[in-house]
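Please look over the model shown below, with attention to its strands and to its surface. The report that follows takes up a surface patch and then a set of paired strands.

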Amino acid sequence: MNVTIIGLGLIGGSLALSLRQHGLAQHFIGVEASPDHARRALELGLVDEIETDLAAAVRRADLVVVAVPMDAMLAVLPPVLDATAPNQVVIDVGSTKQALLAAVEGHPRRGRFVAVHPMAGTEYSGPDAATQGLFDGKTVVLCDTGHSDPDAVQLVEKLFHALPMRLLYLDGAAHDLHTAYVSHISHITSFALALTVLEKEKEEQRIFDLASGGFASTVRLAKSSPAMWVPIFRQNRTNVLDVLDEHLHQLQHLRDLLAREDYDGLTQQIQQANHIRKILP
């Protein structure tokens with residue numbers, strides 16, 4: 001199988017590594033807007049060649065993976081489908097789905113497109129962030145599969161099962177709602193925590209000296225690229241605002257308990273939060 005990957009960053013590059021590792025594809029064609037990223041992807045062996053003609057890169061592939069930031073995805077996916085033949089399959093790996101699905105609704109090649117979201121990643125970006133085994137044991141969400149051709153869905157299911165990943169099926173609206181509640185709030189909270197510490201603690205060496213594992217793990221996501229996350233927040237704005245309002249409410253409640261020296265109430269809230277152990281051991 002020949003695979004074209006459009007966008008050679010963390011997810012696109014890691015997917016190339018995983019597909020190659022499991023013998024699921026033999027030849028990888030890269031499409032990359034950044035010359036430096038294109039050169040580095042070749043050096044790292046993420047792809048076998050770089051193609052500058054998008055339509056040509058699509059025509060030469062059995063599977064096309066669109067792995068660009070979400071705003072760019074809205075512009076890139078329609079011309080990719082324009083160049084897609086009836087025997088080819090196109091997937092995205094984006095973190096929001098409703099706007100993207102709306103952008104290709106009614107496209108004559110819509111059936112060849114399967115919307116997917118691998119729930120895996122790190123705080124790093126670019127070709128050097130690509131990681132072998134990034135998807136092992138993780139969940140991949142397949143969205144609105146009823147609008148995709150059955151053979152296209154079957155190919156995508158086969159590939160992600162082989163990586164191996166757990167498959168979850170949602171419609172686009174449910175996907176965006178639940179990822180806001182679980183994933184997107186984690187990132188915006190991490191950005192806020194980093195900004196708080198940088199504002200209050202002016203001595204950078206003290207942050208380095210005193211940061212323990214708890215702080216490092218909580219603020220890790222604040223290292224993520226704004227080029228990736230601002231488009232996600234923009235496209236999923238309503239759901240992110242909803243969960244952010246609840247988060248601010250919970251922070252205010254904890255602050256009030258501490259201000260009133262209500263340590264019994266604070267204990268109860270922490271014990272209630274501990275219930276997350278039943279979901280995430």
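## A nonpolar surface patch

Which residues make a nonpolar surface patch of about 330 Å²? The patch is made by I276, I279 and L280, where patches consist of residues with over 30% relative accessible area and no salt bridge, nonpolar side chains (Val, Leu, Ile, Met, Phe, Trp, Tyr) being joined within 5 Å and like charges within 9 Å. A salt bridge here is a side-chain nitrogen of Lys or Arg within 4 Å of a carboxyl oxygen of Asp or Glu, and accessible areas come from the Shrake-Rupley method with a 1.4 Å probe, only the protein chains shown counting as cover for residues. L280 lies in the segment after α12 (263-273), and it counts as exposed because its relative accessibility is 59% (exposed is over 50%, buried under 20%, partly exposed in between).

Helices (H or I, at least four residues) and strands (E, at least two) are DSSP runs, numbered from the N terminus. From strand β5 (residues 89-92), V89 and I91 point one way while V90 and D92 point the other way, and all are buried.

Strand β4 (residues 63-66) pairs with β5 in the parallel sense over four bridges, pairing requiring at least two DSSP bridges between strands, and L63 stands opposite V89. The chain passes from β4 through helix α4 (residues 70-82) to β5 in a right-handed β-α-β crossover, right-handed meaning that, with the strands pointing away from the viewer, the path from the first strand over the helix to the second runs clockwise. β5 also pairs in the parallel sense with strand β6 (residues 113-118), over three bridges, and F113 is the bridge partner of V90.

## Basis of the values

This is a predicted model, in which local features need pLDDT of at least 70 and side-chain atom pairs count only at pLDDT 80 or more, whereas totals for chains, interfaces and linings use all residues. Residues are numbered from 1 along each chain as its sequence is written, and side-chain values use heavy atoms, with hydrogens and water left out.

Methods:
Buried means under 20% relative accessible area, exposed over 50%, partly exposed in between (1.4 Å probe, protein chains only).
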